[in-house]
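Please read them with the structure open.

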Amino acid sequence: MSYAVENAVFQWEEGFRVLRAARSDSAAGRALARAVLAVQDELRKRLGSSFSIAELADLYREGGDWALDVTLASGAEEPPPLETAAAIDAAFYLYMREASDSAGGSPRPQR
């Protein structure tokens with residue numbers, strides 16, 4: 001796995017941890033979950049159902065202006081920037097599980 005993909009996966013995992021921790025605060029957790037679902041929907045439109053983790057990382061590296069727009073339009077009240085970034089990262093993490101080279105939430109080892 002390339003460093004760029006490894007770094008992206010690390011960031012996505014951190015976002016997912018924030019999402020899980022937000023469950024204890026029901027209002028914030030619901031807002032964060034709405035934002036995550038909105039970004040996942042947009043990822044589905046942009047990548048479809050057949051993609052690799054590297055392709056997902058490429059989209060992530062291209063810039064997140066579209067993801068920020070989707071997050072803010074998700075109906076969540078202006079979340080703090082850290083939560084917005086976490087929502088985007090968590091969405092990428094959750095979508096990564098659908099990648100053709102995913103092994104249950106992490107990249108499958110290359111042979």
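1. A helix here is a DSSP run of H or I with at least four residues, and helices are numbered from the N terminus. By that naming, Ala57 lies in helix H3. The model is a predicted one, and the points below should be read as such.

2. Ala57 has a relative accessibility of 0%, so the residue counts as buried; the cut-off for buried is under 20%. Beyond its neighbours within four places in sequence, Ala57 is in contact with Val5, Ala8 and Trp12. The C-alpha atoms of Ala57 and Ala8 are 6.1 Å apart, although 49 residues separate the two in sequence.

3. Which residues of the largest nonpolar core touch the most other members? They are Trp12, Val39, Leu43, Leu56, Trp66 and Phe92, out of 32 residues in that core. Two or more residues each come from helix H1 (3–21), helix H2 (26–47), helix H3 (53–61), helix H4 (65–72) and helix H5 (81–96). H5 gives the largest share, nine residues. As background, nonpolar side chains in soluble globular proteins tend to be buried together.

4. Helix H2 has 22 residues and spans 31 Å from first C-alpha to last, close to the 32 Å expected at 1.5 Å a residue. Its buried residues are Gly29, Ala31, Leu32, Ala35, Val36, Ala38, Val39, Gln40, Glu42 and Leu43. In an α-helix there are 3.6 residues a turn, so residues three or four places apart point the same way. After H2 comes Gly48, with a positive phi near 75°.

5. Val39, one of the buried residues of H2, deserves a look of its own. Leaving out neighbours within four places in sequence, Val39 is in contact with Trp66, Ala67, Val70, Thr71, Ile88, Ala91 and Phe92.

6. The aromatic pairs number six. One of them, Trp12 with Tyr60, is edge-to-face, with 5.5 Å between centres and 90° between the planes. This pair links distant parts of the chain, as Trp12 is in helix H1 and Tyr60 in helix H3, 48 residues apart. Trp12 and Tyr60 are both buried.

7. For Trp66 and Phe92, the ring centres are 6.2 Å apart and the planes are at 50°, so this pair is tilted. Here too the link is between distant parts of the chain: Trp66 is in helix H4 and Phe92 in helix H5, 26 residues apart. Both Trp66 and Phe92 are buried. Ring pairs join Trp12, Tyr60, Trp66 and Phe92 into a cluster.

Technical notes. Residues numbered from 1 in each chain as written. Predicted model: local features only at pLDDT ≥ 70, side-chain atom pairs only at ≥ 80, totals over all residues. Heavy atoms only, no water. Core = buried A, V, L, I, M, F, W, Y, C linked by side-chain atoms within 4.5 Å. Buried < 20%, exposed > 50% of the residue type's maximum accessible area, 1.4 Å probe, protein only. Contact = heavy atoms within 4.5 Å. Expected span 1.5 Å × (residues − 1). Phe/Tyr/Trp six-rings, centres within 6.5 Å; stacked < 30°, edge-to-face > 60°.
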